[in-house]
Amino acid sequence: MANENEKKAPQRVVLEIFGDSFPMKTDDPEYMQNLGRLVDQQMKKVAHTVRSFDGTKIAILTALQLADEYCQLKKDYDELVELIDEK
């Protein structure tokens, strides 16, 4: 029986994002595949919105959208933690 704290050996996965393949090594292939699907879906949405074929532009706009979502969630989280700490 393996110890829960032991690290898993990195496994190779190939992410398909916006028509390109990205081989990666990860301790959690399922999680990495989910991240790849999220990025792929977001890039396709952005491409449809801006109607551009420039992959770099689409990737940057997607990164900005994901960064905005992250910052909003972090702000909300920090506010909740502050409220909990006040009690």
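Modeller: Take Ile 58, which is found in helix 2. The model is a predicted one, and the values that follow are computed from it.

Biologist: Is Ile 58 buried or exposed?

Modeller: Burial is read from relative accessible area, and buried means under 20%. Ile 58 has a relative accessible area of 0%, so it is buried.

Biologist: Which residues does Ile 58 touch, leaving out those up to four places away in sequence?

Modeller: A contact is read from heavy atoms within 4.5 Å. With those sequence neighbours left out, Ile 58 touches Phe 18, Met 43, Val 46, Ala 47, Val 50 and Ser 52.

Biologist: How many residues does helix 1 have, and what distance does it reach?

Modeller: A helix span is compared with an expected value at 1.5 Å a residue. Helix 1 has 22 residues and reaches 31 Å from first C-alpha to last, close to the expected 32 Å. Helix 1 is followed by Arg 51, which has a positive phi near 50 degrees.

Biologist: Which residues of helix 1 are buried, and what do they pack against?

Modeller: The buried residues in helix 1 are Met 32, Gly 36, Asp 40, Gln 42, Met 43, Val 46 and Ala 47. The buried residues of this helix pack against strand 1, strand 2 and helix 2.

Biologist: Asp 40 is in that buried list. What does its side chain meet?

Modeller: A salt bridge is read from a side-chain nitrogen of Lys or Arg within 4 Å of a carboxyl oxygen of Asp or Glu. The side chain of Asp 40 meets that of Lys 44 in a salt bridge, at 3.0 Å from N to O. Both residues lie in helix 1, four residues apart, which is about one turn of the helix. Asp 40 has 12% relative accessibility and so counts as buried, whereas Lys 44, at 49%, is partly exposed.

Biologist: How many salt bridges does this rule count?

Modeller: The count comes to three. Another of them joins Lys 74 and Asp 78, with the closest N and O atoms 3.0 Å apart. Lys 74 and Asp 78 are separated by about one helical turn because they are four residues apart in helix 2. Lys 74 is partly exposed at 39% relative accessibility, and Asp 78 is partly exposed at 34%.

Biologist: What is the N to O distance between Glu 79 and Lys 75?

Modeller: Their side chains meet in a salt bridge at 3.8 Å. Glu 79 and Lys 75 are also four residues apart in helix 2, so about one helical turn separates them. Glu 79 is partly exposed, with a relative accessible area of 40%, and Lys 75 is partly exposed at 46%.

Biologist: Turning to the strands, how many bridges join strand 1 to strand 2?

Modeller: Two strands pair if at least two bridges are found between them. Strand 1, residues 11-17, and strand 2, residues 20-26, run antiparallel and are joined by seven bridges. Within this pairing, Arg 12 stands opposite Lys 25 in strand 2.

Biologist: What phi does Phe 18 take in the hairpin?

Modeller: The hairpin has two residues between its strands, and Phe 18 takes a positive phi near 50 degrees there. Phe 18 has this positive phi although it is not a glycine. With 27% relative accessibility, Phe 18 counts as partly exposed.

Biologist: Last, which residues form a nonpolar patch on the surface?

Modeller: Tyr 31, Leu 35 and Leu 38 form it, and together they have about 270 Å² of accessible area. Leu 38 is found in helix 1. A relative accessible area of 38% makes Leu 38 partly exposed.

Terms used: Residues are numbered from 1 along each chain as its sequence is written. This is a predicted model: local features need pLDDT of at least 70, side-chain atom pairs count only at pLDDT 80 or more; totals for chains, interfaces and linings use all residues. Side-chain values use heavy atoms; hydrogens and water are left out. Patches are made of residues with over 30% relative accessible area and no salt bridge: like charges are joined within 9 Å, nonpolar side chains (Val, Leu, Ile, Met, Phe, Trp, Tyr) within 5 Å. Accessible areas come from the Shrake-Rupley method with a 1.4 Å probe; for residues, only the protein chains shown count as cover. Buried means under 20% relative accessible area, exposed over 50%, partly exposed in between (1.4 Å probe, protein chains only). The expected span of a helix is 1.5 Å times one less than its number of residues.
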